[in-house]
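Hi,

Here is the structure I said I would pass on.

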Amino acid sequence: GEDEAMFVEYRKQLKLLLDRLAQVSPELLLASVRRVFSSTLQNWQTTRFMEVEVAIRLLYMLAEALPVSHGAHFSGDVSKASALQDMMRTLVTSGVSSYQHTSVTLEFFETVVRYEKFFTVEPQHIPCVLMAFLDHRGLRHSSAKVRSRTAYLFSRFVKSLNKQMNPFIEDILNRIQDLLELSPPTDLS
């Protein structure tokens, strides 16, 4: 209730601050976000969900604060591309997708899809992200809200990386086969 409203307001203020910092010093913003993100994800298991969610959200918001054409965050400016690549690598290998709070889970998937071009640079991380989408963290999550949003994000992820998905198509279809089955209503009277 009230805590959630305060948190939403906090995120709005954080975005304004990030955008202003990006105008003044994009390098300082990138370094600061990287520091917060790295230290938080190093200890995500013992960190409060709000701090973990904000750390991932900072990475997510960098795309808007430091815009590039056509989502080319991983090419061009080498220091920026390297920093973003390091943070994405940390995000997908840290295990934070297993955090037991829906806001962290959703932020993980939103960020993975926002920076889908990372997976063209480091395709070796595709299988672990696919597993996150397909198991209890994503499409089989206990929360209907998470399952619904993850289904949408999963479709965007697969569509954006269609060429890299070919080796995984059969496995993906096998894993989601039961989710695709429709059962007719049993009581028609």
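**Helix α4**

The buried residues of α4 are Lys80, Ala81, Ala83, Leu84, Gln85, Met87, Met88, Leu91 and Val92. Before going further, the ground rules: this is a predicted model, where local features need pLDDT of at least 70 and side-chain atom pairs count only at pLDDT 80 or more, while totals for chains, interfaces and linings use all residues. Numbering runs from 1 along each chain as its sequence is written, and side-chain values use heavy atoms, with hydrogens and water left out.

"Buried" here means under 20% relative accessible area, "exposed" means over 50%, and "partly exposed" is in between (1.4 Å probe, protein chains only). Helices are DSSP runs (H or I, at least four residues), numbered from the N terminus.

With its 16 residues, α4 reaches 22 Å from its first C-alpha to its last, close to the 22 Å expected at 1.5 Å a residue. That expected span is 1.5 Å times one less than the number of residues. The cover over the buried residues of α4 includes α2, α3, α5, α6 and α7, where contact means heavy atoms within 4.5 Å. After α4 comes Gly95, with a positive phi near 90°.

**Helix α2**

α2 (residues 26-42) passes the length check too: its 17 residues should span 24 Å at 1.5 Å a residue, and its end C-alpha atoms are 24 Å apart. Which residues of α2 are buried? They are Leu29, Leu30, Val33, Phe37, Thr40 and Leu41. Looking down the axis of α2, these buried residues fall within an arc of 110°, so they line one face of the helix; the arc is taken from the directions from the helix axis to the C-beta atoms. Glu27, Leu28, Arg35 and Gln42 are exposed, on the face of α2 turned away from its buried side. Among what covers the buried residues of α2 are α1 (2-24), α3 (49-65) and α4 (78-93).

**The core**

The largest nonpolar core has 53 residues, of which Leu62, Leu91, Phe119 and Phe157 touch the most other members. The largest share of this core comes from α3, with eleven residues. For the record, a nonpolar core is a set of buried Ala, Val, Leu, Ile, Met, Phe, Trp, Tyr and Cys residues joined through side-chain atoms within 4.5 Å. If you skip neighbours within four places in sequence, Leu62 is in contact with Leu29, Leu30, Val33, Leu84, Met87 and Tyr115.

**Salt bridges**

I counted a salt bridge whenever a side-chain nitrogen of Lys or Arg is within 4 Å of a carboxyl oxygen of Asp or Glu. The count comes to 15 salt bridges. A few of them:

- Arg89 pairs with Asp86, with the closest N and O atoms 2.8 Å apart. The two are three residues apart in helix α4, so about one helical turn separates them. Arg89 is partly exposed at 28% relative accessibility, and Asp86 is partly exposed at 24%.
- Lys117 pairs with Glu116, with the closest N and O atoms 3.3 Å apart. Lys117 is partly exposed at 34% relative accessibility, whereas Glu116 is buried at 15%.
- Arg137 pairs with Asp135, with the closest N and O atoms 2.7 Å apart. Arg137 is buried, with a relative accessible area of 14%, and Asp135 is buried at 15%.

There is also a network: Arg11, Glu53, Arg57 and Glu107 are joined by salt bridges that share partners.

**Aromatic pairs**

Rings of Phe, Tyr and Trp (its six-membered ring) pair if their centres lie within 6.5 Å; planes under 30 degrees apart count as stacked, over 60 as edge-to-face and the rest as tilted. How many aromatic pairs does a search of the whole structure find? The search gives nine.

Phe74 and Tyr115 form an edge-to-face pair, 6.1 Å centre to centre with 75° between the planes. This pair links distant parts of the chain, 41 residues apart: Phe74 is in the loop between α3 and α4, and Tyr115 is in the loop between α5 (102-114) and α6 (118-121). Phe74 is buried at 11% relative accessibility, and Tyr115 is buried at 1%.

Phe133 and Phe157 have ring centres 5.2 Å apart and planes at 35°, so this pair is tilted. Phe133 lies in helix α7 (residues 126-134) and Phe157 in helix α8 (residues 144-160), so the pair ties together parts 24 residues apart in sequence. Phe133 is buried at 0% relative accessibility, and Phe157 is buried with a relative accessible area of 0%.

One aromatic cluster takes in Phe74, Phe108, Phe109, Tyr115, Phe118, Phe119, Phe133, Phe154 and Phe157.

Cheers
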